[in-house]
Amino acid sequence: QLQLVESGGGLVQPGGSLRLSCAASGLTFDVFEYYYIGWFRQAPGQEREAVSCMSSSDSTTYYTDSVKGRFFVSRDNAKNTVYLQMNSLKPEDTAVYYCAVDWTPFNIHSSCVTTSFRDWGQGTQVTVSS
């Protein structure tokens, strides 16, 4: 059974950087080579929102406007790990961050939403504060 485990969260000052990791296990193939990838976040009292989605076929990546130019997704198929590099962090980036994957193709630009993903990690807390 597929499992996703996020790590790398923590407390960082505004303007700082963090790199989140999402490691997949439980399947016998390179998950991120074939699955669509999503990064989402949820702040207290708010709905879970999309940060980024990546296509498995050509690694085309969608970023929500608020993180464009600051956040970057990459993957290491050999390690079955996907990363979210977060730069120039702002207090409003504070949230629990989740990675998610799904086998079914979708349009990452129009359907980067929670309902496009079946499998989720447990989340990692990111706090941006001075």
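**Figure 1. Phenylalanine 40 and phenylalanine 117 are both buried.** The model shown here and in the other views is predicted. The ring centres of phenylalanine 40 and phenylalanine 117 lie 5.5 Å apart, and with the planes at 80° the pair is edge-to-face. Phenylalanine 40 belongs to strand E4, residues 36-42, while phenylalanine 117 is in the loop between E9 and strand E10 (119-120). The two residues are 77 residues apart, and the pair links distant parts of the chain. The relative accessibility of phenylalanine 117 is 6%, so this residue counts as buried.

**Figure 2. Phenylalanine 117 also pairs with tryptophan 120.** Here the ring centres are 6.3 Å apart. The planes of phenylalanine 117 and tryptophan 120 stand at 75°, and the pair is therefore edge-to-face. Tryptophan 120 has a relative accessibility of 23% and counts as partly exposed, whereas phenylalanine 117, at 6%, counts as buried.

**Figure 3. Ring pairs join Tyr36, Phe40, Tyr98, Phe106, Phe117 and Trp120 into a cluster.** The structure holds eight aromatic pairs. Among them is the edge-to-face pair of phenylalanine 40 and phenylalanine 117, with centres 5.5 Å apart. The pair of phenylalanine 117 and tryptophan 120 is likewise edge-to-face, with its planes at 75°.

**Figure 4. Arginine 48 lies over the face of tyrosine 98 and has its charged end over the ring of tryptophan 120.** The distance to the ring centre is 3.6 Å for tyrosine 98. For tryptophan 120, the charged end of arginine 48 is 5.0 Å from the centre of the ring. Tyrosine 98 and tryptophan 120 are both members of the cluster linked by ring pairs.

**Figure 5. Asparagine 80 has a positive phi although it is not a glycine.** The phi angle of asparagine 80 is about 50°. This residue sits in the loop between strand E7, residues 71-76, and strand E8, residues 81-86. The relative accessible area of asparagine 80 is 12%, so the residue is buried.

**Figure 6. Serine 88 is another residue with a positive phi that is not a glycine.** Its phi is about 50°. Serine 88 is found in the loop that lies between E8 and strand E9, the latter spanning residues 95-102. With a relative accessibility of 41%, serine 88 counts as partly exposed, whereas asparagine 80 is buried.

Notes: Residues numbered from 1 in each chain as written. Predicted model: local features only at pLDDT ≥ 70, side-chain atom pairs only at ≥ 80, totals over all residues. Heavy atoms only, no water. Helix = DSSP H or I, 4+ residues; strand = E, 2+ residues; numbered from the N terminus. Buried < 20%, exposed > 50% of the residue type's maximum accessible area, 1.4 Å probe, protein only. Phe/Tyr/Trp six-rings, centres within 6.5 Å; stacked < 30°, edge-to-face > 60°. Lys NZ or Arg CZ within 6 Å of the ring centre and 35° of its normal.
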